[in-house]
Amino acid sequence: MSADQLSLFTAAFVTFFVLIDALGVAPVFATLTAQGDAAYRRKMAVKSTFVATLIMFAFAFGGAWLLGAMHISIDAFRAAGGVLLFLIALDMVFEKRTERRETRAEEVLEEHKNDPEPEDVSVFPIGIPMIAGPGSIATAMFYMSEATVWVEKALVLAAIGLNLALTLVIFLVAGPLVRLLGASVAGALTRILGVVLAALSVQLLIDGIKGAFGL
């Protein structure tokens, strides 16, 4: 693996790690699946990550075609992606993203509190949009559109796949992990990752503007 390829894989892995934010989603997953037994929690963990994998890989492979069909240049998409990721980063820094996740979880629990069996929450809201959200989908499209050879595309897919596998592992141990970390540590980690994402998003925006104006 060359230095450029290693840099691409590292950048993609870090970006998706921040966007998916499995450590931040883990408390919500634990809350949503608390009413079921261990088998139910394992099923929800596996199914939600599988659904998110299908969605993200579908957009990763179809992103270049979609952009071409809509006559959107990669520089315009890069700049728009930078703005989108910056807004997500602000939400993470000020914990608005966490609040929305918790609110969504409470709404789902309230809606199905009288159901005799635990609700299947794997597709919504865990698979979509908590794992495969607008930011991670757009970023998958961007990285695959940027990759010029199949080696680079494989590295991007590997970065996505590794993050999703890590998400599955975190979900499987969500209960003990949440008790170990506590709300304050999880919140601090989310804010730190938000700052990292903000820096990445600004760089994307700058690169998009430079490319669009030929600077």
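Rings of Phe, Tyr and Trp (its six-membered ring) pair if their centres lie within 6.5 Å; planes under 30 degrees apart count as stacked, over 60 as edge-to-face and the rest as tilted. I wrote that down before looking anything up.

**Ground rules.** I'm working on a predicted model, where local features need pLDDT of at least 70 and side-chain atom pairs count only at pLDDT 80 or more, while totals for chains, interfaces and linings use all residues. Residues are numbered from 1 along each chain as its sequence is written, and side-chain values use heavy atoms, with hydrogens and water left out.

**Aromatic rings.** I searched the whole structure and got 5 aromatic pairs. One of them is phenylalanine 13 with phenylalanine 17: the ring centres are 6.2 Å apart and the planes are at 20°, so I call this pair stacked. Both residues lie in helix 1 (residues 3–20), 4 residues apart, which is about one turn of the helix. For helices I use DSSP runs of H or I with at least four residues, numbered from the N terminus.

Phenylalanine 13 comes out at 22%, so it is partly exposed. Phenylalanine 17 has 25%, so it is partly exposed too. I also noted that Phe9, Phe13 and Phe17 form one aromatic cluster.

Next I looked at phenylalanine 29 and phenylalanine 171. Their ring centres are 4.4 Å apart and their planes are at 5°, so this pair is stacked. The pair links distant parts of the chain, with phenylalanine 29 in helix 2 (residues 22–32) and phenylalanine 171 in helix 8 (residues 150–172), 142 residues apart. Phenylalanine 29 is buried at 1% relative accessibility, and phenylalanine 171 is buried at 2%.

**A charge over a ring.** I checked lysine 153 and found its charged end over the ring of tryptophan 150, 5.9 Å from the ring centre. To count, NZ of Lys or CZ of Arg has to be within 6 Å of the ring centre and within 35 degrees of the ring normal.

**Threonine 167.** This residue is in helix 8 and is buried, at 1% relative accessible area. What does it touch, leaving aside neighbours within four places in sequence? I found Ile20, Ala22, Thr49 and Ile131 in contact with threonine 167 (contact means heavy atoms within 4.5 Å). A polar atom of the threonine 167 side chain also lies 2.8 Å from the backbone oxygen of asparagine 163.

**Valine 196.** I found valine 196 in helix 9. At 32% relative accessibility, it counts as partly exposed. Leaving aside neighbours within four places in sequence, valine 196 is in contact with Val14 and Val18.

**Empty space.** Rolling a probe the size of a water molecule over the atoms shows where empty space is left. On a 1 Å grid over the protein atoms alone, a pocket is an open set of points with protein on both sides within 12 Å along at least five of seven lines, and lining residues have an atom within 4 Å of a point. I read about 380 Å³ for the largest pocket. It is lined by 16 residues, and Leu8, Ala11, Phe142, Tyr143 and Glu146 lie nearest its centre.

Terms used:
Helices (H or I, at least four residues) and strands (E, at least two) are DSSP runs, numbered from the N terminus. Buried means under 20% relative accessible area, exposed over 50%, partly exposed in between (1.4 Å probe, protein chains only). A polar contact is a pair of N or O atoms within 3.5 Å; within protein, one must be able to donate a hydrogen and the other to accept it, and residues adjacent in sequence count only if both atoms are side-chain atoms. On a 1 Å grid over the protein atoms alone, a cavity is a set of points where a 1.4 Å probe fits but cannot get out, and a pocket is an open set with protein on both sides within 12 Å along at least five of seven lines; lining residues have an atom within 4 Å of a point. Grid points are joined across faces, edges and corners, and a volume is the space filled by probe spheres set on the points.
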